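Subject: Handing over a structure, with notes

Dear colleague,

I am passing on the structure below, together with some notes on what was found in it. Please keep it open beside you as you read.

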Amino acid sequence: MALQRFGLFVCNVTLFVLLLLSVLVDGEGQFKGFRRFSREQETNQRAVFEQQWFTQKLDHFNGADTREWKQRYFVNEAFYRPGGPVFLMIGGEGPANPAWMQSGTWLTYAEKLGALCLMLEHRFYGGSHPTIDLSTDNLRFLSSRQALADLAHFRTVMAQARGLTNRKWVVFGGSYPGSLAAWFRLKYPHLVHASVATSAPVYATVNFPEYLEVVWRSLASENAECPLMVKKASDTLVELLKDPKTYDNITKDFNLCSKLQIQTEMDSAYFLEMLAGNFMDVVQYNEDNRGFEGVIGTNITIKVLCGMMGDTSLGDPYARYVAVARLMMDTFFIKCLDASYSNCLRDMTNTSWVGPAAGGGRQWVYQTCTEFGFYQSTDSPNQPFTGFPLVYHVKQCADFYNVSAEQLAEAVAQTNEYYGAYDIRSSRIILPNGSIDPWHALGVTQDISPDLPAVFIKGTAHCANMYPARSEDLPQLALARDHIFLLLQKWLNQ
């Protein structure tokens, strides 16, 4: 599920990162950049569950606007027993993956409870296209509030059409969709009986330096020297970038698609964040059981990265950093890295549905600029990287969408005012988080009340409890899944 770092991104989609661009790889295998809520991978899995289409309103908050569009959804009736509940999986910042209709913890719960399972894709992602293109003017219809209204209308119409009005509905989501799951129960309590809001960042913030602080701690949990080696490598690279004479070697080291050119601070920040993303993504999804989604690279864990950063046979820390980058390129079949911010700007301002960032990058970054922030800056001294401060992220909002720093700050403040941030006033919402996952810093990790329980799972990463169980899962992860089920079982009997 995901936050991109860029996130369905049920979590992958997901937070998702979660942040700025998803993995963008062109036909020649050139790496076009990635960012945080989740690293979205294309899957070659053949869809077993047929996609269906729901007639949705374009603007739920303007009665005079009668425009409509088709929203994609999926159904699994295999476990449904008459009188059973309805489970609704919320899609996020990427295409809805039908693999979730075959696998995942929610289906284990559905089989035990006799639930009908639905999954609704998020507007503007995947095949759900409300407008003819992704122009900034059209993206004004992309927001969490419109997405929640989509869910409310879908739930109402589907309940009437299928005779499920008196059934109890439970919503599930991970990463950004986890936030939506909590907020759907909060804002539409008459439509939702309970919610499982996994790895949900409920607090919006422009600057999110805590993300990289958790990356430091997560690396250190494997080996105390690991983040120190990463920091030495990052610091070395920053020093090398000050001397243009080193650019030929750096180009060769990281196998860049063209000779490195650093003409502005945006150029250097983009390059440095791209390389840091290797560690950020691995930490965020460390040992998550994501293979069923068609995701590759799940074998690269914190243990693998820290092993390489401690391997003196590879050379000094900088050389080990290079080796990590090469490993990631080989794993994801990337022929060369495109380290050009001007190319990124070109791709991110392409408004076509077939553009290089239309898989979710342009849409999700717009949401961060107009609702959430979530910028994983290097502004804290207690993290391993250097060179991509908050100003770099904020400038992208202006470059991509003409959103100013002041507009961004106001939008984030409005989000917290509307949803309540950490101060959730509701009931029957379960809030699981993993201690390794950097996004837990913006989530609820302690019980708010008996009816708003947190499930904090030590040693696990982003959305871990949502993925299918396996024998090597940590005991506390298995216990967390069982605890969540028992809570749902109790609430469904209320």
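Which backbone oxygen lies 3.2 Å from a polar atom of the side chain of Q376? The backbone oxygen of F374 does, and a polar contact here means a pair of N or O atoms within 3.5 Å, where within protein one atom must be able to donate a hydrogen and the other to accept it, and where residues adjacent in sequence count only if both atoms are side-chain atoms. Q376 itself sits in the loop between β10 (373–375) and α12 (390–401), and with a relative accessibility of 1% Q376 counts as buried (buried is under 20% relative accessible area, exposed is over 50%, and partly exposed is in between, with a 1.4 Å probe and protein chains only).

Before going further, please bear in mind that this is a predicted model, in which local features need pLDDT of at least 70 and side-chain atom pairs count only at pLDDT 80 or more, while totals for chains, interfaces and linings use all residues. Residues are numbered from 1 along each chain as its sequence is written, and side-chain values use heavy atoms, with hydrogens and water left out.

As for the overall picture, the protein chain holds 14 helices and 12 strands, which are DSSP runs numbered from the N terminus (H or I of at least four residues for helices, E of at least two for strands). Its radius of gyration is 22 Å, which agrees with the value near 23 Å that a compact globule of 494 residues would have; the radius is taken over C-alpha atoms, and the globule rule is 2.2 Å times the number of residues to the power 0.38. Along the principal axes, the C-alpha atoms fill a box of roughly 70 × 50 × 40 Å, and 62% of the 494 residues are buried.

After α11 comes G373, whose phi is positive, near 75°.

The cysteines come next. A disulfide is a covalent bond between the sulfur atoms of two cysteines, counted here when the two sulfur atoms are within 2.5 Å, and by this rule there are 3 disulfides.

- C226 and C306 are joined with their sulfur atoms 2.1 Å apart. C226 is in helix α5 (residues 226–240) and C306 in helix α8 (residues 302–309), so the pair ties together parts that are 80 residues apart in sequence.
- C257 and C336 are also joined, with 2.1 Å between their sulfur atoms, and with 95° about the S-S bond the link is right-handed. C257 is partly exposed at 27% relative accessibility, whereas C336 is buried at 12%.
- C369 is joined to C397, S to S 2.1 Å, and with -90° about the S-S bond this link is left-handed. The pair links distant parts of the chain, with C369 in helix α11 and C397 in helix α12, 28 residues apart.

C344 is buried, with a relative accessible area of 2%.
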